[in-house]
Amino acid sequence: MMASEPSRGRQAGLHLSLMLLIILIGGLTPVAARFALREMPPFATGAIRFGIVAACLLITSLFIGRRDPRRARPIERCDYWRFALCALLCVPINQACYLSGVHIAGAAHAGLLYALNPVLVFLITLVFG
């Protein structure tokens, strides 16, 4: 069954809105981190950011999980170590380095490096295949 034109237009509008939201959040993150670091140390700032994200993830998972329970798949035992490694690298190490860097450098430098992350990930995937 083909999607009707109005639903495609709504879906495209939703995608555009989400992309603009991601750009807005990504662009303002270094500036907001710089302001937050004026009042709090990097560890406290990271802990608050982690708490906010955890709450958003919980709310999102509650709404998405109720819509289509067939999409939920349990994590296989052999993948537990991968999730633990990602959690270690993405949360404490990443946030400590990022917030310490924002604290030392200006928001413009942090924003530039933050914006280059997708390019760096792409180049790393090319190197490692």
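Predicted model: local features only at pLDDT ≥ 70, side-chain atom pairs only at ≥ 80, totals over all residues.
Thr45 belongs to helix H2, which covers residues 42-67. Its relative accessible area is 3%, and because buried means under 20%, Thr45 counts as buried. Leaving out residues up to four places away in sequence, Thr45 touches Ala36, Leu37, Met40 and Leu99.

## Overall fold

The protein has 4 helices and 0 strands. Read from the N terminus, the order of elements is α-α-α-α. Among contacts between residues at least 6 apart in sequence, 79% join residues at least 24 apart.

Of the 129 residues, 9% count as buried. The protein exposes about 11,000 Å², and carbon and sulfur atoms supply 74% of that area.

In soluble globular proteins, nonpolar side chains tend to be buried together. Here the largest nonpolar core consists of 6 residues: Ala33, Leu37, Tyr98, Leu99, Val102 and Ala110. Helix H1 (5-39) and helix H3 (80-104) each contribute at least two residues to this core. The most comes from H3, which gives 3 residues.

Ala33 is in contact with Tyr98, Leu99 and Val102, when its neighbours within four places in sequence are left aside. Two members of the core, Leu37 and Leu99, are also among the residues that Thr45 touches.

Which residues make the nonpolar surface patch of about 1,100 Å²? They are Leu112, Leu113, Leu116, Val119, Leu120, Phe122, Leu123, Ile124, Leu126, Val127 and Phe128.

One of these residues, Leu116, lies in helix H4, which spans residues 107-128. Leu116 counts as partly exposed because its relative accessibility is 35%, and partly exposed covers the range between the buried limit of 20% and the exposed limit of 50%.

Ile23 is in helix H1. With 55% relative accessibility, Ile23 counts as exposed, since the cut-off is over 50%. Along the chain, Ile23 and Ala115 are 92 residues apart, while their C-alpha atoms are separated by 9.6 Å.

Ala105 sits in the loop between H3 and H4. Ala105 is partly exposed, with a relative accessible area of 27%. Its C-alpha atom is separated by 9.1 Å from that of Arg34, a residue 71 positions away along the chain.

## The salt bridge

How many salt bridges does a search of the whole structure find? The search finds 1. Asp79 forms a salt bridge with Arg82, and the closest N and O atoms of the pair are 2.7 Å apart.

Conventions:
Residues numbered from 1 in each chain as written. Heavy atoms only, no water. Patch = residues over 30% accessible without salt bridge, like charges linked within 9 Å, V, L, I, M, F, W, Y side chains within 5 Å. Areas by Shrake-Rupley, 256 points an atom, 1.4 Å probe, with all protein chains shown as cover. Salt bridge = Lys/Arg side-chain N within 4 Å of Asp/Glu carboxyl O. Buried < 20%, exposed > 50% of the residue type's maximum accessible area, 1.4 Å probe, protein only. Contact = heavy atoms within 4.5 Å. Core = buried A, V, L, I, M, F, W, Y, C linked by side-chain atoms within 4.5 Å.
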